[in-house]
Amino acid sequence: KDAEAQVAAAKQALAALEVKHKQEAIGMNAQGQEQFEARFKALEAELATTRQNFQKAIADRARSIKIDFGEDPSETEPDIVVSRFRTGLYGAGPGVDRKGEQAWAENQLAQWRTYFEYWKSQRVALQEEFKGSQGQLGNVLERQKAEVEKAREAITKAEQQLRATQEAAAS
């Protein structure tokens, strides 16, 4: 009876361990995924806002020097926005420093490109961080695997003791 109780206890311990491991893995994975998604959305929102601000700055400048800019809110690609600004400069009235305005627009585009490279590096860093957290999950899964193996060994040992007890009682 004592050997049977040991087998039952070992099997119960394994079942409890498997439930605990499943909950732990699900929790870690879901939490990591949620954090990654929230940070990625914030990064995407920052890019959209910066792009809108860039487009607005170019449009405001075009209005202030009274050039035909042909503003298109659906077109947010900075190179195209600056190209439209440059094209508008061809029809600029007297008193507009075309070369100075073109240099200003090129400077704005250079600043955008610098920001965009920074933004891309932030996105890559976030992706790498997420991959690293997935690696942590892998370490947890390895630990869990070792714990399950140990529990299974305990079951095997308890079953062997039960058989030995049963054989001794039969003889």
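Is A92 buried or exposed? In this predicted model, local features need pLDDT of at least 70 and side-chain atom pairs count only at pLDDT 80 or more, whereas totals for chains, interfaces and linings use all residues. Residues are numbered from 1 along each chain as its sequence is written, and side-chain values use heavy atoms, with hydrogens and water left out.

A92 has a relative accessible area of 7% and is therefore buried (buried means under 20% relative accessible area, exposed over 50%, and partly exposed in between, with a 1.4 Å probe and protein chains only). The residue belongs to the loop between α2 and α3 (98-170). Beyond its neighbours within four places in sequence, A92 is in contact with I67 and R98, contact being defined as heavy atoms within 4.5 Å. The C-alpha atoms of A92 and D68 are 7.9 Å apart, although 24 residues separate the two in sequence.

K66 is found in the loop between α1 (2-64) and α2 (78-89). With a relative accessibility of 70%, K66 counts as exposed. Its phi is near 55 degrees, a positive value in a residue other than glycine. Most residues other than glycine have a negative phi.

For the protein as a whole, the secondary structure consists of three helices and zero strands, in the order α-α-α along the sequence. Helices (H or I, at least four residues) and strands (E, at least two) are DSSP runs, numbered from the N terminus. Of the 171 residues, 27% count as buried. Among contacts with a separation of 6 or more, 72% join residues 24 or more positions apart.
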